[in-house]
Structure formats: C-alpha cells, structure tokens
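Hi,

Here is the structure I promised to send over. Have a look at it first, and my notes on the aromatic side chains follow below.

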Amino acid sequence: MQTVLFHDTIFGPIHSRRLGSSLGVNLMPNDGKICSFDCLYCEAGYNAQGPGTTGLPPRVEVARLLEEKLKSLKEAGAPLDVITFSGNGEPTLHPDFAGVVDDTIALRDKYFPDVKISVLTNSTRIANPDVAAALSRVDNNILKLDSAFDETARLLDRPAPGYTIAKTIDGLRKFGSQGIIQTMFTRGEHDGIAIDNTTDAEVDALIEAYRTIGPREVMIYTIDRPTPETTLRRIPRPELDAIADRIRRATGIPVQVSG
C-alpha cells in the first residue's frame, strides 16, 4: 500500500506545479494519515494505513518549527513563493487550525512579507465558522471540487458520511471571489466501476457549479505521481487545455492548468 509522503511538520521548499517554490506545513501525523476524504488518487495513500503514532503536532510546535525554517531560509537568501498547508491528510481537521493560520500569517509578515499563504482543503470543513474565517484570511484559499455529481464524488473522493455536492457548493459560494476552486481530472476504474470526470456531462455540471460559486480562479490538473488506485490515468495536456477553454468561455473565470 502506498504510504504517507511527508515525515516532517515543516517540509521543503519543494517545487509546486501550481504555486512555485513552496514551503509545506503538514498538520497531520508524520507517520500516518487522517483525512475526511479517501481519494483514489491521493499521493499520500489510502486512509487504511492508519493515523500512525506521532499524533497531530501542537500549535506551539508548528510555530516553533516554522519560525526556525523561515529564519534559516531568510539568512540563506533562499527564494520562496508560498507557504502551503498540505501534507498527510486534511489540514482543517487540526483542532487549532485557525490559530496555526494566525501564527503563520504573523511569521510570514516577520520574515517573508511578500510570500503568499495557501491552504489546500477538500472543502469538508467549510461549514465550521472558525475554519471558514481562517480560510478567508489566507492569500490562496484553494478548495476542492472534483465533480458536481454526488455519485462521481463518492467514487473518486470517497468522502466521509454526510458529504453532499449541494451542501458543498452552497458553502463554496459563500467564499465567492475569496476562493480558488481546484479540480482533479482523471479516468479509470475502481472495483470494476468506471470513473471519468472528463465527460461532457461532468464538465457541463462543473461549469454550472463554478458559475454558482463565482471563485477568483479555477485550477484544473491531473495525476502526476503514483496513485493508490493503479488504473487511474493522466489526462493529456491538450485535453485539459480544451476543458479549460470550455470553462473560460462559459464562465469568464480565469483557469490555471497543470498537467
């Protein structure tokens, strides 16, 4: 089974296809995974690997490690474009997520005031007022929406019980232009069931969802590393570009393509 990617609370900087030179913040265990999705394409593997033994890093420890790293990067004159909350699961599940965001903003302002702060979230916690307020304070609030159909989301993202597309789109709409919507495109099968969110019906439904949400930008991408479900396939760049053109023409929303 594919296992977690990140074994540190602060990792990198690494090169992100979408964000540039990115210093990562992993609010999940260093030796396990905790997530409210169990995506077939997750680079960190399936949730079945378990939460590990290290637990969630305390807020004070995250701040200490982040300051050490930012200070060393500043002294070395190293380039940095963004601080990104990512890692071995869903960052907004951390009980002190809002406080960690505030600490990160303060440290960014101290050491790298021009650097952006990004959060990659699967959108399952946006109904929590503290989480929503924290997301509204970062520069790049990047919110996942892989399909506008419940059936496809259940197959591809395998969310925790209670997740619905209607509820998610309503929550995303409240961010409006403060939000960036991120959509992973892929095709393949799982347990003998075909999965393809690139069909005309899927793209048309996503376009309607993007219109309703009104985000600042849409990011679309495809798989780039080995995935737990080995049948999933990359979508060729020309096909991604064609999907992006459809979205732009239909919505007027800027679309960034990685793939």
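**Aromatic rings and their neighbours**

Let's start with phenylalanine 37, which counts as buried at 2% relative accessibility. Keep in mind that this is a predicted model.

I ran a search of the whole structure for aromatic pairs, and it came back with 3. One of them joins phenylalanine 37 to tyrosine 163: the ring centres are 5.3 Å apart and the planes sit at 80°, so this is an edge-to-face pair. What I like here is the sequence separation. The two residues are 126 residues apart, with phenylalanine 37 in the loop between β2 (20–26) and α1 (59–76) and tyrosine 163 in the loop between α4 (150–156) and α5 (165–175), so the pair links distant parts of the chain. Tyrosine 163 is also buried, at 15% relative accessibility, because the cut-off is under 20%.

Next, have a look at phenylalanine 85 and phenylalanine 97. Their centres are 6.0 Å apart and their planes are at 75°, so this pair is edge-to-face too. Phenylalanine 85 belongs to strand β3 (residues 82–86) and phenylalanine 97 to helix α2 (residues 97–111), so the contact ties together parts 12 residues apart in sequence. Phenylalanine 85 is buried, with a relative accessible area of 0%, and phenylalanine 97 is buried as well, at 1%.

And which charged residues lie over a ring face? Among them are lysine 74 and arginine 158. Lysine 74 lies over phenylalanine 112, 5.4 Å from the ring centre, while arginine 158 lies over tyrosine 46, at 4.6 Å from the ring centre.

Cheers

Terms used. Residues are numbered from 1 along each chain as its sequence is written. This is a predicted model: local features need pLDDT of at least 70, side-chain atom pairs count only at pLDDT 80 or more; totals for chains, interfaces and linings use all residues. Side-chain values use heavy atoms; hydrogens and water are left out. Rings of Phe, Tyr and Trp (its six-membered ring) pair if their centres lie within 6.5 Å; planes under 30 degrees apart count as stacked, over 60 as edge-to-face and the rest as tilted. Helices (H or I, at least four residues) and strands (E, at least two) are DSSP runs, numbered from the N terminus. Buried means under 20% relative accessible area, exposed over 50%, partly exposed in between (1.4 Å probe, protein chains only). A charge sits over a ring if NZ of Lys or CZ of Arg is within 6 Å of the ring centre and within 35 degrees of the ring normal.
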